[in-house]
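Biologist: I have a model open on my screen and I'd like to learn how to read it. Could you walk me through some of its features?

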Amino acid sequence: MIECKNIVKTYRSGEIDTQVLKNISFKINDNEFVAIMGPSGSGKSTLMHIIGCLDTPTSGEYLLDGQDASKLSADELADVRRQKIGFVFQAFNLLPRATVLRNVSLPLVYAAVAKEEREERAKETLRASAFPEGFWHHYSNQLSGGMMQRVAIARALVNNPALILADEPTGNLDTKTGAVVLATFQLLHQEQGRTIVLITHEPYVAEHAERIIHIRDGEIVSDGVNRNRRLINNDH
Amino acid sequence: MILSDLFHETYAALSANKVRSGLTILGIVIGIGSVVAMISIGQGAAGSIQASIQSIGSNLVMVQPGFQRGAGAGPVSAGRGSATTLKQEDADAIQKEITQALAVAPEISRRYQITAKGKNTNTQVIGTVASYSQVRNVQVDLGSFISEQNVRALSKVAVLGPTTRDDLFGEGTNPVGETIRVNRVDFKVIGLTQSKGGTGFTNQDDIIFVPISTAQRFLAGDAYVTTISVQAKDAGSLATIQQEITDLLLQRHNIADAQLADFQVLNQQDIVQTASAVTNTMTMLLASIAGISLIVGGIGIMNMMLTTVTERTREIGLRKAIGAKRKDISLQFLAEAVTLTFIGGLIGIILGWASSLAVTAFTGIATKVSLPAIALAFGVSAAIGIVFGYYPARRAAALNPIEALRYE
């Protein structure tokens, strides 16, 4: 469960303070699929950084899984990220000269999991996400964009995190492969009961979630159940 | 992060940029290689200088006459060692009084024209005693050295150096039993010494030994000696013996002020120390010149690592996002730098070794690759990796994951 209480984030550049997030409060329960939507400059990326424990708020409280993450040091935040959060980025951010298996098992490297167990868990995760076995030993830069993002999703899942955080996951993909990625999220949500937070500026992408939080100029403008939900038929 | 993963990441990162890694390693190879080669040349020189000092005998104290002054201690000096102030009795007294002396060998040396079987040469004739061979490290190749019996009996016998033998009888011949004529006196050849090699200024093989009593009676016609060599039982007693001999001779020669001594006592240890001070300075000089190239190599490492950190900013951001701590990141980059210098150091040592062997093979200069020098080079190369890799690694570790992920 995620809870934001009166979160304020201020950036200081020179003499001018810019308030990027103004008093944001909301709750996301376990097994929810939420989209945070807003135009660029709305503060949604900053919010994503705080939810993802990449940054801490200037004031306010952020509870992740019951733990207050708003006043942790850089290394403590790294521990929280490793244990509780799986990231999916717009630009995939895979290691180019590493195999699919190596990429997927990378988070376990920092959790000091032994090699055999690491590979076993990476294979399990890839199998669960129906990633074709023939590509497991390919280098990640030999894959198509859609395939790369599916590897990135598997990497986000390998640690069995409490929260999957996807930042514009379809931004670098065409509509068709984007749909495959969104379908994967819906599947993870429905079948495995994962908590997913999707950050996007596209209403079309946001409409794949159960609930949409609109954010503009650092404030929540609306927060409610998505009534026009797009469901993708998940027949592989 | 497990150690094997660290190796895996390091290998992957370095092999991704083979040319760049290779060139950076080359910088370290040249640095370490030249340090190893220079130290080995310096130590080789030190070794050969010490060996040539040791070849005149070990633990030696040498007594030589002082200045020859004109009548009434006039202003004209004929130089050190030219005076005839040391007598046979002085040598006998040293033999008797200095209990710590292992052996005493007085000698009288002078150059004479030598003839044998129609050939002739001009060489150093040394009149000495049986213990000379022990004190001055003279080995006999054929026949025997001068015996105490020869000295007592004033025997007209001679032992030839190999070069003198070559000049008089031809190379490789056995001169034992032949007769040579020195200053119109016939000597029977009883032995041939082993070659000792030259010491730069003098050829220790162009020499003839005869009994000291014979030389004093038939050649010089007086009882003076030119040098008394005293062998101490170990290096530690050299200074004591030197002092005791000085005191004894001052007393015998009735000289109150040591400054006015008509003889000088030289200690071999002093000569060795002076020589090694010189060669050590030379080695340091050579090594520090080579050390400059090592520093340049280290800067190359730092340069490459800084470039790598910039290039892999996104990767660093990703690693941090999925849970890498500062320590994990800095360790990874430090490992890359140390691996570069480690490989460079290893190749550098081999190359330095090979080039010092090549120097010996092509120029004949003695070289000596010592284990401490190699250990030092290895330690230095690892240290360079740590020192020059530390700053880039710290920079990588300090990157903010948000900035790093955003970096294009």
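Predicted model: local features only at pLDDT ≥ 70, side-chain atom pairs only at ≥ 80, totals over all residues.

Biologist: Fine. Into which domains is chain B divided?

Modeller: There are two entries: domain 1 takes in 3-52 + 274-406, and domain 2 covers 86-261 of chain B. Their C-alpha centres lie 56 Å apart.

Biologist: Now helices. How do I describe two that pack together?

Modeller: Two numbers do it: the angle between the axes and the distance between them. Take H2(B), residues 18-54, and H9(B), residues 268-311. They pack at about 175°, and their axes are 8 Å apart.

Biologist: What does that angle make H2(B) and H9(B), roughly parallel or roughly antiparallel?

Modeller: Angles over 145 degrees count as roughly antiparallel, so that's the label for H2(B) and H9(B). As for the residues in the contact between H2(B) and H9(B), 21 are nonpolar, 20 are polar and two are charged.

Biologist: Let me try a residue. Is Ser52(B) buried or partly exposed?

Modeller: The idea is a cut-off: under 20% relative accessible area is buried, over 50% is exposed, and partly exposed is in between. Ser52(B), which lies in helix H2 of chain B, comes out at 29%, so it counts as partly exposed. If you want a sense of scale, Ser52(B) and Pro211(B) are 159 residues apart in sequence, with 26 Å from C-alpha to C-alpha.

Biologist: And another serine, Ser213(B)? Where is it found?

Modeller: Look in helix H7 of chain B, residues 212-220. With a relative accessible area of 14%, Ser213(B) is buried. Its side chain reaches the backbone oxygen of Val151(B) at 2.5 Å. Leaving out residues up to four places away in sequence, Ser213(B) touches Asn150(B), Val151(B) and Leu154(B).

Biologist: Over to chain A. What does the side chain of Gln186(A) reach?

Modeller: The backbone oxygen of His208(A), at 3.0 Å. Gln186(A) sits in helix H6 of chain A, residues 175-192, and counts as buried because its relative accessibility is 0%.

Biologist: What about a loop residue? Which residues is Thr170(A) in contact with?

Modeller: Setting aside neighbours within four places in sequence, Thr170(A) contacts Gly178(A), Val181(A), Leu182(A), Glu202(A) and Val205(A). You'll find Thr170(A) in the loop between strand S7 and H6 of chain A. Thr170(A) has a relative accessible area of 9%, so it is buried. Thr170(A) and Asn93(A) are 77 residues apart in sequence but 13 Å apart in space, C-alpha to C-alpha.

Biologist: Last topic, backbone angles. What is the phi of Cys53(A)?

Modeller: Most residues other than glycine have a negative phi. Cys53(A) is not a glycine, and yet its phi is positive, about 60°. It lies in the loop between helix H1 and strand S4 of chain A, and counts as buried at 0% relative accessibility.

Biologist: And Ala112(A): is it buried or partly exposed?

Modeller: Partly exposed, at 47% relative accessibility. Ala112(A) also has a positive phi, about 55°, and is found in the loop between helix H3 and helix H4 of chain A.

Notes. Residues numbered from 1 in each chain as written. Chains lettered and ligands numbered in written order. Heavy atoms only, no water. Helix = DSSP H or I, 4+ residues; strand = E, 2+ residues; numbered from the N terminus. Buried < 20%, exposed > 50% of the residue type's maximum accessible area, 1.4 Å probe, protein only. Polar contact = N/O pair within 3.5 Å; in protein donor to acceptor, adjacent residues only side chain to side chain. Contact = heavy atoms within 4.5 Å. Axes fitted to C-alpha atoms, helices over the stretch in contact; angles between N-to-C directions. Parallel < 35°, antiparallel > 145°, perpendicular 65-115°, else oblique. Nonpolar A, V, L, I, M, F, W, Y, C, P; charged D, E, K, R; others polar. Domains from an automatic or database assignment.
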